[in-house]
Amino acid sequence: MRVSRPRPVRRWRALSKPQRTELYMRWSLYAVAVLQVFAVYGLLGSAYGQRRASAVELRVEVPGTLLAAALNVVLVRTGLPAYLGRRPHPYGWAAVSGAVSAALSAAALLLGPRPLDGAETSTPVAVVTMTFWIATALLALPVLRAVAAAVAGLAAVAVALLAAGEPAGFVLGVLLGCLIGSTTAGATARGSAWTAKVVWELDGARETQARLAVAEERLRFSRDLHDVLGRNLATIALKSELAVQLARRQRPEAVDQMTEVQRIAQDSQREVREVVRGYRTVELHTELAGAASVLRAANVDCRTELSGADGLPAGAQSVLGWVVREAATNVLRHSEAANCRFRLRVSGGTALLEVENDGVPAVPPPRAEGAGSGLRGLGERLAAHGGTLTAAGSGPGRFRLTAELPTTARGSTS
């Protein structure tokens, strides 16, 4: 009986590893931005516990903190895609958020208790407010421009305090606290975004590796065909031209030339068949070693269990080698596998090859038009030799490809 999972769980399992990483980083940064509200309110409660807060303070700092936190959330939402290269940097949001944070910090310092009043000052409120904004700005903007924006914001706060007559030492302490807090928070935020970017780049490199392997095989086949056909086609072209000239002069040698052209064409056809036959003939052990090497290079733990492989005839090994090749390609292209196993058992005149992997998304990604013919072609190849191919899920997030083939199967000759 299949257990129905909640929709959030199904949606999470449907995401790829890079998408999961980015989602985790995004919501972690959202949580940090929202944490500003709780931090400021905690500091306000501690500072105002010793005295009664004025109506001006409450009217300014409470809505100001909510607005600053909301703008920081928007800055994270727009800044992370900008860091990943999907959209332009949100300079406008950074400017608005910075202006609100600087104004809120200055108001908190000017409206709150003075440093020498004997009560806790509102300095931590200003430090927290500027720290959270600078951290999100370092995420959303290029480093140099984010630093310039942070310097401008802190300078605005310092000018407001000095203009209000605050001591220079007090202003310097505020700036130093903002610098230490923002450096730590900004490095953490940008490091999280960098981790998501690296995961996306690794995923792209994995797809590129699979495409390059296919392209390299196609180039090898193209070179073989060129070597076989290049010289013969040039000879056919020259002899055909000579035959035309002789035919125009009504010379009987034209027939001999065309006979030679026919012979060369037949030889070329035979050589092409030999090239294709050599291309289609694969060796099981070689394919298993190659598949394991490629999968391990893609950080997939690949294991092979072979029983009776050495006793298989060349024809059966060739057919099963194609199964290994196609299965490895599917693991690389259509899953986020961490483990893959190739298991071969030979008994009773039948060879059974199973390829099982994890990392299969719950919702398969959309296929491009004309894609997805590899398993169908593989099934036709097995059927031509009396075998069968079965592809089905073997558990949550798992996929199993099973090929059953009589050990008397002959190699492909087409």
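In the hairpin of S4 and S5, two residues separate the strands, and Gly-397 takes a positive phi near 75°. Strands here are DSSP runs of E with at least two residues, helices are runs of H or I with at least four, and both are numbered from the N terminus. The model is predicted: local features need pLDDT of at least 70, side-chain atom pairs count only at pLDDT 80 or more, and totals for chains, interfaces and linings use all residues. Residues are numbered from 1 along each chain as its sequence is written, and side-chain values use heavy atoms, with hydrogens and water left out.

S4 and S5 run antiparallel and are joined by seven bridges. Within this pair, Ala-391 has Leu-401 of S5 as its bridge partner. Both strands belong to an open sheet of five strands, ordered S1-S2-S3-S5-S4, with mixed pairing. Two strands count as paired if DSSP finds at least two bridges between them. Strands S1 (301–307) and S4 (388–395) stand at the edges; each has a single partner strand, so one side of each is left without a neighbour in the sheet. From one strand to the next, the twist averages 15°.

S2 (residues 339–347) and S3 (residues 350–357) run antiparallel and are joined by eight bridges. S3 also pairs with S5, again in the antiparallel sense, over eight bridges. Glu-354 of S3 takes part on both sides. Arg-343 stands opposite Glu-354, and the bridge partner of Glu-354 in S5 is Thr-402.

Helix H10 (residues 314–334) lies across S2, S3 and strand S5 (398–406). H10 runs at about 170° to S5. Axes are lines fitted to C-alpha atoms, for helices over the stretch in contact, and angles run from 0 to 180 degrees between N-to-C directions. Contact means heavy atoms within 4.5 Å.

Helix H4 (residues 91–111) has 21 residues; at 1.5 Å a residue it should span 30 Å, and its end C-alpha atoms are 30 Å apart, which agrees. The expected span is 1.5 Å times one less than the number of residues. Buried residues of H4 include Ala-94, Gly-98, Val-100, Leu-104 and Leu-109. Buried means under 20% relative accessible area, exposed over 50%, and partly exposed in between (1.4 Å probe, protein chains only).

Gln-250 lies in the loop between helix H7 (168–248) and helix H8 (253–280). Gln-250 is not a glycine, yet has a positive phi of about 60°. Gln-250 is exposed, at 72% relative accessible area.

Overall, the chain has 11 helices and five strands. Of its 414 residues, 37% are buried.
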